[in-house]
Amino acid sequence: MATALHNLSDYDLSKVPDASNMTFGIVVAEWNPEITGALLKGCVNTLERHGALPENIHVKTVPGSFELIYGARQMTLNDGYDAVIILGSVIRGETPHFDYICQGVTQGIAHLNATNNIPVVYGLLTTNDLQQAKDRAGGRLGNKGDECAVVAIKMAKF
């Protein structure tokens, strides 16, 4: 379903497992910090709302969205997480850079999910402009960070 038809922060609370015994890794891109900071805030708040302890939520930053793949890979290898969440924002510009970054991150995260035993949740906003990113980072369409937290809890329980 297109995000324009669905609020990213709307979900059935009764269908989210208790996260009190789970540990989460979150990798956040530093690029577009206004957006990624809002995604992170939504994600952490939602994890805690479902019982995750603050000391069991570990956040690491990487310079940009392409580096999310490496950060997620390191977390799946070394830190004993139940799920890893990536959060980033790529806003279309005037060059094909947008396409290369979005495709590369998508393929990299898909590969991690296909080859590891720890789910990696895809929280990369790929928008045409800054307003679309704001709308999906706590604006009128909710917060993709909330959605990623719920997905991570459900996949950790899977």
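Which residues lie nearest the centre of the largest pocket?

1. The model under discussion is predicted. Its largest pocket has W31, S89, V90, H97 and I101 nearest the centre, and the lining comprises 13 residues. Two elements, β3 (83–91) and α3 (97–115), each give two or more residues to this lining.

2. The volume of the largest pocket is about 210 Å³. With regard to residue class, seven of the lining residues are polar and six are nonpolar, while none is charged.

3. T23 belongs to the segment that precedes β1 (24–29). This residue is classed as buried because its relative accessibility is 16%, and the cut-off for that class is under 20%. Setting aside residues up to four places away in sequence, T23 touches N56, H58, G80, Y81, D82 and A83.

4. V16 is likewise placed in the segment before β1. Its relative accessible area is 10%, so V16 is buried. Beyond its neighbours within four places in sequence, V16 makes contact with Y11, H50, V150, I153 and K154.

5. A further point concerns the spacing of V16 and A29. The two residues are separated by 13 residues in sequence, and the distance in space from C-alpha to C-alpha is 26 Å.

Conventions
Residues numbered from 1 in each chain as written. Predicted model: local features only at pLDDT ≥ 70, side-chain atom pairs only at ≥ 80, totals over all residues. Heavy atoms only, no water. 1 Å grid on protein atoms, 1.4 Å probe; cavity = no way out; pocket = protein on both sides within 12 Å on 5 of 7 lines; lining within 4 Å. Points joined across faces, edges and corners; volume = space filled by probe spheres on them. Helix = DSSP H or I, 4+ residues; strand = E, 2+ residues; numbered from the N terminus. Nonpolar A, V, L, I, M, F, W, Y, C, P; charged D, E, K, R; others polar. Buried < 20%, exposed > 50% of the residue type's maximum accessible area, 1.4 Å probe, protein only. Contact = heavy atoms within 4.5 Å.
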